[in-house]
Amino acid sequence: MFPRSRDIRRAQPTQAAARHLKPGGFLNRFAREEDGAMLVFGIYVFLLILMVGGIGVDLMRFERDRSDLQYTLDRAVLAAADLDQTLPPTEVVSDYLTKAGLEQYISSVTVTQGVGFRNVAATANAEIPTQFMHMTGVDTLTAPAASMAEESIGNVEVSLVLDVSESMNSNNRLTYLKAAANNFVEELLGNTQPGSVSISIIPFATQVNVGKTLLDKYNVTNEHDYSHCVNFIANEFSQSTLSRFDILERTAHFDPFTESEDPITTPVCPTRAGSEILPLSNDLPTLHAFINGLTAVGNTSTDIGMKWGVTLLDPTARSVVNDLVADGVINPAFTNRPADYNTDVSLKIAVLMADGENTDQYMLNPSLRTGDSNVWYNAEEGEYSIRHD
């Protein structure tokens, strides 16, 4: 018997297996596969989103801190610029930022102030560390803040009431008064906003020479036109108003000090050059020239000087001022001055420079202030006589 024969066949590898068995086949396939490429790209996009989001967080933190710094600085300069603020402006700004925990960021505080205004400007810079942007090389962000505030009254009205009585000639008092007055107007005009200040100068001695131009705007009796002073009654000194329509009594033109005549040399109402009121001016050369030209003669009537000083600050003088503006006597910039008392845009100041108390004021007896005098002068004989009825 013959043994069962076997069908012996050699196993042939499949086509796919054959590819694996070829030299370098697996490596070539791995190189051609793209299944893992999206993972790398996804990681890259994720990191990019994380970085952008981190930058956004840093920028929000930056804006929050910058806004807080700016808001605090704004409040600080507003409080410091308040004219009613009694503390130094730099201290006010520092105090506000200190209480907010931001005092280390103050860079500068600049204060500019004068009569009727105050300007405060401040800057600050905060260095804010970053949490994400430092990965890009940006370790900090600088948050700048700057703020400025100003309070201004607007108009400053000044009456400078100056004693030019005889006693001012002693011990160089008049010289010192002129120096002080010149310095005052120079400092005032130099430390206020241009055009905001008006200065009236009222010289006084036995009386106040109002001056024909100014006095003609009031309703004054017309006994004479030699000089331009008025007599005030007692209750007029207790009020600041002076109506231009009420009748004012003109001061008699006489000389109680000497026996001079034609003209009398020392009248109670001065007539010498430069003795009259200088109303509302801001021209520094004019003010200096007026002050330097003052001369001192007569007694001391501070009450009359202050009365006219206050009058030129009172709103009842507004129509008078406007008339003088129309006449070209006063700068048109001062139209509608003096301002009302109940406004916050005007500051009124009366400054008195004098060497002592009131002395004597000479006035005619009321019965002799009107009508013809009973003293007659005979020009042919060169003699005076008194008429008795």
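In this predicted model, the buried residues of helix α5 pack against β4 (155–163), β5, α7 (284–292) and β9 (346–353). Helix α5 itself covers residues 173–190, and its 18 residues reach 25 Å from the first C-alpha to the last, which is close to the 26 Å expected at 1.5 Å a residue. The residues of α5 that are buried, with under 20% relative accessible area, are L174, L177, K178, A181, N182, V185 and L188. Seen down the axis of the helix, the buried residues of α5 fall within an arc of 140 degrees, so they line one face of α5. Such a pattern can be related to the geometry of helices in general: an α-helix has 3.6 residues a turn, so residues three or four places apart point the same way. On the face of α5 turned away from its buried side, the exposed residues are Y176 and G190.

Attention now turns to the nonpolar cores. The largest nonpolar core has 25 residues, and those with the most contacts inside this core are Y218, I277 and W308. Two or more residues of this core are given by each of the elements β5 (197–204), α6 (212–215), α8 (302–311) and α9 (318–326), and the most are given by α9, with four residues. When residues up to four places away in sequence are not counted, W308 touches I202, V208, V210, L215, Y218, V230, F232, L242 and I277.

Definitions and conventions:
Residues are numbered from 1 along each chain as its sequence is written. This is a predicted model: local features need pLDDT of at least 70, side-chain atom pairs count only at pLDDT 80 or more; totals for chains, interfaces and linings use all residues. Side-chain values use heavy atoms; hydrogens and water are left out. A nonpolar core is a set of buried Ala, Val, Leu, Ile, Met, Phe, Trp, Tyr and Cys residues joined through side-chain atoms within 4.5 Å. Buried means under 20% relative accessible area, exposed over 50%, partly exposed in between (1.4 Å probe, protein chains only). Contact means heavy atoms within 4.5 Å. The expected span of a helix is 1.5 Å times one less than its number of residues. The arc is that of the directions from the helix axis to the C-beta atoms.
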